[in-house]
Amino acid sequence: MNARDGAMRRPAARHRVLWWLLAAAAAAIVLRTSSVTWAAFAGSASVPPPPASVALPGREVPVIPSRHIPFVGYPHTRYDSLPPTSGPHVPWVIMTGIYEQPVPDELGVHLLEHGHILIQYAPATPAHEVDQLRSIALRFPADVLLAPYPRLHSGIALTAWGRIQILPRADTAAITRFVTLLRGRYDHGWSRDWAAAHAPPAAPGRS
Amino acid sequence: MTAQAADAVEPDPARIGTSAIVEFGELTIVPDGDEFIVGDPALGVFLGLPEIGVTAIENLRAGRTVGETAAILTEDAGEDVDLAEFVAGLVEAGLVRSVNGAGALPAAAQTAGRRWIAGVRPERARWLFGRVAWLCYAACAAWSLGVLVLLPQYRPSFESTLFYPDPAVSIGVIVVVAIVVGSVHEAWHWLAARAEGLSARFAVSRRAFLPVLETDLTQLWSLPRRRRYGPLLAGLAFDFAVLAGCLLLRIAAGPLALPPVLDRFLAVVVLIEVIQTGFQCLLFLRTDMYLVVSTALGCQDLLRVTRLFLRGRLTVLSPAQQADLAGAHPRDLRAAPWFALINIAGFGVLAWLLINQWLPATAVMGGWVVFGLAHASVRQAGFWEGLVIAVLLLSQVAWPLAVYLKERRTRGTVQ
């Protein structure tokens, strides 16, 4: 009976303030974390990469404005490499994994924007090399998308955000190095974790 | 419903005389801590009553009048017992079938049209929920959690949504898989209830702004508390079995030479199942784990009491709400303050999901629809993608909205 009688009484003012403070704290946390997440839906600006302490595989490609376009096939500015390493893309992301059909550039670029690696091969690539590429893709199911790329006349194209390497044939060591060094380097912004792990050593005498 | 309105008994103590004969349906009476759960499984109405209330009902069921029963109880208790008020309470709750032959089924009228589904004989369902089966479900859960913790490359990601280059195909398949998996999850609850000899009924419903399928397991109240856990956990058991199978196949994809598209499809099912199991663990909504926790605490309507408690702390309760809260079960009232903290955190999570996932995803898909339908020709994939997403978006909004409006209409009818 005491509990029921207690519920009938109006809560003391200090209790009411405490509950309001708890609710306000929850709202503040939601708003603080939300402002960060919304940025991911706006596409990426042209920000050059930070310096790294290791020699990165492939060559750097300037990052071009990378706004969202409504659907694959919608007119947009030209990419600055083949295959592209940044630029306009659709707002949804395709899954990493192995594809037997080509993946449109507008889908692939968004995957690069999330820090993944694209391995794309010319249609004439021998079957045993494609099998070799598949084994690599299976080792990195969350990092790599493997697909044929009809516009590539020969060889294997490795792309990360703002980075490209063209190999004449499947080279497991080179591809593994490209994947392990460049995955997660960019994810809607140059990754702080990646930069910290690959930061150039501080100059002597400087703190 | 119409017949009930024509000659229903008013739940008014003044109209229940000492000569009244009260009739019940098939009742179940189950001890639950220091009280008893009394209910009519066919109507889906259950009440927590003290021992004296059970004695009163047993005497009334034996054919004694209200006056005769009151005299017996008064003699036992050593003080006057107001049985007319007690019977009026039973009438209002919907536990009484008739008083002096006049029908009295107000609570049952609320769920008219939703039929209890038996269908499968209990002995046919029992092997799915025996000791060996539960050990397998537990092994599936342990395996799944182990893989997700130890092998990050198999963790699901929202990037798994598009497992096929054609977005319309991907989304169409995901919707179908989600509905199938959700339906079998609910069917597993039902089968576990059947294994206990009970029936269940299905409905489309909502949790906050999210559309859901749900199974009405009200008849579980006719079981002792420890036997309620199986049916409550059955849906999650099914989810873990599917999750374990998909993760096993994905890990073995290389040696088994699975077609790549099948591997990616399995990743989609993993994503759907992880969302499903995660959702069922949200204690601040009427989910499976909420019901498990509530049952373990011996509570009767913890979520509703907690929401009233919280409302009372943040605003001012109306007299009706105050009376409602004051009449709540003491165990619900004891748990409400700390459960309110979980609710505040939960509302934060919901708000975060709404702002960061639901609204942006809806905005992105809305843009997809507008641009697709406005700029792409019917021969372009963009047009058909837009059309598929338009239907999906409309159903996402219309489903919870329709359920909400129906709930409001039902509340209005009951009041």
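Me: In this predicted model, what share of the contacts in chain A with a separation of 6 or more comes from residues 24 or more positions apart?

Reply: Start with the contacts in chain A whose partners have a separation of 6 or more. Chain A runs α-α-β-β-α-β-α-β-β-β-α-α along the sequence, with six helices and six strands.

Me: Where in chain A is confidence lowest?

Reply: The mean pLDDT of chain A is 83, and 83% of its residues reach 70 or more. Strand 3 (residues 117-121) of chain A has the highest confidence, at 98, while the lowest, a mean of 39, belongs to helix 1 (residues 2-8) of chain A.

Me: Is the peptide bond from A:L82 to A:P83 cis or trans?

Reply: Most peptide bonds are trans. A:P83 sits in the loop between strand 1 (59-60) and strand 2 (97-98) of chain A. Omega from A:L82 to A:P83 is near -10 degrees, and the bond is cis.

Me: A:H188 and B:A257 both turn up with a positive phi; is B:A257 buried or exposed?

Reply: Most residues other than glycine have a negative phi. A:H188 has phi near 55 degrees and lies in the loop between helix 5 (172-182) and helix 6 (192-197) of chain A; with 18 other C-beta atoms within 10 Å, A:H188 is partly exposed. B:A257, with phi near 50 degrees, is in the loop between helix 10 and helix 11 of chain B. Because B:A257 has 8 C-beta neighbours inside 10 Å, and 12 or fewer is the cut-off, B:A257 counts as exposed.

Me: Over in chain B, which helix packs on the open sheet?

Reply: The sheet has three strands in the order 2-3-4, paired antiparallel, with strand 2 (28-32) and strand 4 (45-49) of chain B at the edges. The twist averages 20 degrees from one strand to the next. Strand 2, strand 3 and strand 4 of chain B are all touched by the helix in question, whose direction makes about 40 degrees with that of strand 3: helix 2 (residues 51-61) of chain B.

Me: How is the crossing of helix 2 and helix 3 of chain B handed?

Reply: The axes of helix 2 and helix 3 (residues 66-77) of chain B come within 9 Å and cross at roughly 145 degrees. Residues in the contact include B:I52 and B:L60 of helix 2 and B:I72 and B:L73 of helix 3 of chain B. By class, that contact has six nonpolar, three polar and no charged residues. The crossing is right-handed.

Me: Which helix of chain B supplies the largest share of the side that touches chain A?

Reply: In the interface, 43 residues of chain B are in contact with 42 residues of chain A. The chain B side divides into 25 nonpolar, twelve polar and six charged residues. The largest share, 18 residues, comes from helix 15 of chain B.

Conventions. Residues numbered from 1 in each chain as written. Chains lettered and ligands numbered in written order. Predicted model: local features only at pLDDT ≥ 70, side-chain atom pairs only at ≥ 80, totals over all residues. Contact = placed C-beta atoms within 7 Å. Helix = DSSP H or I, 4+ residues; strand = E, 2+ residues; numbered from the N terminus. Nonpolar A, V, L, I, M, F, W, Y, C, P; charged D, E, K, R; others polar. Pairing = 2+ DSSP bridges. Axes fitted to C-alpha atoms, helices over the stretch in contact; angles between N-to-C directions. Left-handed = near helix turned anticlockwise from the far one by under 90°. pLDDT = per-residue confidence, 0-100. Buried ≥ 20, exposed ≤ 12 C-beta atoms within 10 Å, placed from the backbone.
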